[in-house]
Amino acid sequence: MKKIITISRQFGAGGGTVGSSLARELGYEYYDKEIILTAARNSNVDVNSFVEWDEKVPMNFGFTQSLFDFYNRPLSEQIFNAQKDVIRKVADKGRCVIIGRNANSILKEYESCVHVFIYADFEWRLERMKAKMPDESESKVIDHIKSVDKAREKYCVYNTKTVFGEAKYYDLCLSTSKFGIDKCVEIIKSAL
């Protein structure tokens, strides 16, 4: 059985819920945002900077990025490298589920990994997030979903030169809107 599972996910698709359920059922460790705090403790960057730059890229990323910016190693790159070190240390221990942070690309050479992408229809994600954000208007929830998805896509391209959500970068792609969260957990366990 594979000992490391990475889960990338669209915002609101339930990837974190799938991952925590999977970890609990397998008796594996579960890692999500705590990787940020561990990385912060192991580097010279303060925790607030880690939280601020989590899964974000510099504003000038894209057509306006210059070689000068590239050689100055922005704070976001330092944070990604610190997280990468923590993710590799966690993976070296095995028996874990790692959510997000491009762990699938960071651990692509690890043979004992299964890389999963969790996605869902937009309407399904919208209904799920409206329930989690009851004080927000539907338009704000829609904007938030689109904003987080876009940030994750840019973060992935910037740090790994891969395409977020493209099937060839994962071993298994599952739709929670089609199968439901519990069935997705079952499918992953079966695949292991």
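Reader: Hi! Let's start with Tyr170: buried or exposed?

Author: Hello! Tyr170 counts as buried, because its relative accessibility is 8%, under the 20% cut-off for that class. Bear in mind that this is a predicted model.

Reader: Thanks. Which ring does Tyr170 pair with, and how are the planes set?

Author: Its partner is Phe117: the two ring centres are 5.1 Å apart and the planes stand at 40°, so the pair is tilted. That angle falls between the 30 degree limit for stacked and the 60 degree limit for edge-to-face.

Reader: Where do Phe117 and Tyr170 sit along the chain?

Author: Phe117 is in strand 4, while Tyr170 is in the loop between helix 8 and strand 5, so their pair ties together parts 53 residues apart in sequence. Phe117 is buried too, because its relative accessibility is 5%.

Reader: Nice. How many aromatic pairs does the structure hold?

Author: There are 3 aromatic pairs. One of them joins Phe117 and Phe164, with centres 5.3 Å apart and planes at 85°, so this pair is edge-to-face. Phe117 belongs to strand 4 (residues 113–119) and Phe164 to the loop between helix 8 (138–160) and strand 5 (172–175), so here the parts tied together are 47 residues apart in sequence. Both of these phenylalanines are buried.

Reader: And which residues make up the aromatic cluster?

Author: Phe117, Tyr119, Phe164 and Tyr170 form one cluster.

Reader: Changing topic: which residues does Asn104 contact, leaving aside those within four places in sequence?

Author: Asn104 is in contact with Thr6, Ser8, His115, Tyr169 and Tyr170.

Reader: Where is Asn104, and what is its relative accessible area?

Author: Asn104 lies in helix 6, which covers residues 103–106. Its relative accessible area is 5%, so Asn104 is buried.

Reader: What about Ser105?

Author: Ser105 is found in helix 6 as well. At 13% relative accessibility, Ser105 counts as buried. Leaving aside neighbours within four places in sequence, Ser105 is in contact with Thr160 and Thr162.

Reader: I'm checking backbone angles. What is the phi of Asn102?

Author: Asn102 has a positive phi of about 60°, although it is not a glycine. Most residues other than glycine have a negative phi. Asn102 is placed in the loop between strand 3 (96–99) and helix 6, and it is buried, with a relative accessible area of 7%.

Reader: And how does the phi of Lys161 look?

Author: Lys161 also has a positive phi of about 60° and is not a glycine. Lys161 is found in the loop between helix 8 and strand 5. With a relative accessible area of 65%, Lys161 is exposed, whereas Asn102 is buried.

Reader: Which ring does Lys161 lie over?

Author: Lys161 lies over the face of Tyr158, at 5.8 Å from the ring centre.

Reader: On to helix 7. Which residues are buried there?

Author: In helix 7 (residues 122–132), the buried ones are Arg125, Leu126, Arg128 and Met129. They cover an arc of only 170° around the axis, which puts them on the same side of helix 7. On the other side, Glu123 and Ala131 are exposed.

Reader: What do the buried residues of helix 7 pack against?

Author: They pack against helix 1 (15–26), helix 8 and helix 10 (181–191).

Reader: Last one, for the overall picture: how many helices and strands does the chain have, and what share of residues is buried?

Author: The protein chain has 10 helices and 5 strands, and 47% of its 192 residues count as buried. The chain exposes about 10400 Å², with carbon and sulfur atoms supplying 51% of that. Among contacts between residues at least 6 apart in sequence, 72% join residues at least 24 apart.

Notes: Residues are numbered from 1 along each chain as its sequence is written. This is a predicted model: local features need pLDDT of at least 70, side-chain atom pairs count only at pLDDT 80 or more; totals for chains, interfaces and linings use all residues. Side-chain values use heavy atoms; hydrogens and water are left out. Rings of Phe, Tyr and Trp (its six-membered ring) pair if their centres lie within 6.5 Å; planes under 30 degrees apart count as stacked, over 60 as edge-to-face and the rest as tilted. Helices (H or I, at least four residues) and strands (E, at least two) are DSSP runs, numbered from the N terminus. Buried means under 20% relative accessible area, exposed over 50%, partly exposed in between (1.4 Å probe, protein chains only). A charge sits over a ring if NZ of Lys or CZ of Arg is within 6 Å of the ring centre and within 35 degrees of the ring normal. Contact means heavy atoms within 4.5 Å. The arc is that of the directions from the helix axis to the C-beta atoms. Accessible areas come from the Shrake-Rupley method with a 1.4 Å probe; for residues, only the protein chains shown count as cover.
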